[in-house]
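Please walk me through the salt bridges in this model. Which parts of the chain do they join, and how exposed are the partners?

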Amino acid sequence: MLVLTRAEEQIMHKLWGLKKAYVKEVLETLPEPKPAYNTVSTIIRILERKGVVGHEKTGKSYLYYPVLKKDEYKKQSLKKLIHGYFEGSFANMASFFAKEENLSTSELDEVMKHLKDQK
């Protein structure tokens, strides 16, 4: 199972949003205080080694793009969450969030309808 650090996830979110970007463009989208250019560049190269980011050479620069689809990573992260904290039960997780987020019955009905439609 692929594990990304918090910093790697932050960069991936930026790349998913930008689709393709140079390191400088990723850096511009990060909140203050911004990390150093070399830090962002290093994280992107680590992501490349993990196989989740690719690049195209454009002159002397590299244009980076996500190889890993956001939905694929989301699904993997959700499975990890369900197995790690809810004994592998989606129902346990849904129950937890229903309590924690104080969902209304109409919101719960919407979730159940969505789940039935997915079958």
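**Salt bridges in the predicted model**

Glutamate 56 counts as partly exposed, because its relative accessibility is 30%. The model is a predicted one. Lysine 20 lies in the loop between helix 1 and helix 2 (23-29), and glutamate 56 in strand 1, so the pair ties together parts that are 36 residues apart in sequence. Lysine 20 is also partly exposed, at 41% relative accessibility.

A search of the whole structure gives 4 salt bridges. Another of them joins lysine 50 to glutamate 8, with the closest N and O atoms 2.8 Å apart. Here lysine 50 sits in the loop between helix 3 (37-49) and strand 1 (53-58), while glutamate 8 belongs to helix 1 (residues 6-18); the pair therefore ties together parts that are 42 residues apart in sequence. Glutamate 8 has 5% relative accessibility, so it counts as buried. The cut-off for buried is under 20%.

Lysine 113 and aspartate 117 both lie in helix 6 (residues 105-118). They are 4 residues apart, about one turn of the helix. Their closest N and O atoms are 3.2 Å apart, and the two form a salt bridge. Exposed means over 50% relative accessible area. Lysine 113 is exposed, because its value is 53%. Aspartate 117 counts as exposed too, at 52%.

Technical notes. Residues are numbered from 1 along each chain as its sequence is written. This is a predicted model: local features need pLDDT of at least 70, side-chain atom pairs count only at pLDDT 80 or more; totals for chains, interfaces and linings use all residues. Side-chain values use heavy atoms; hydrogens and water are left out. A salt bridge is a side-chain nitrogen of Lys or Arg within 4 Å of a carboxyl oxygen of Asp or Glu. Helices (H or I, at least four residues) and strands (E, at least two) are DSSP runs, numbered from the N terminus. Buried means under 20% relative accessible area, exposed over 50%, partly exposed in between (1.4 Å probe, protein chains only).
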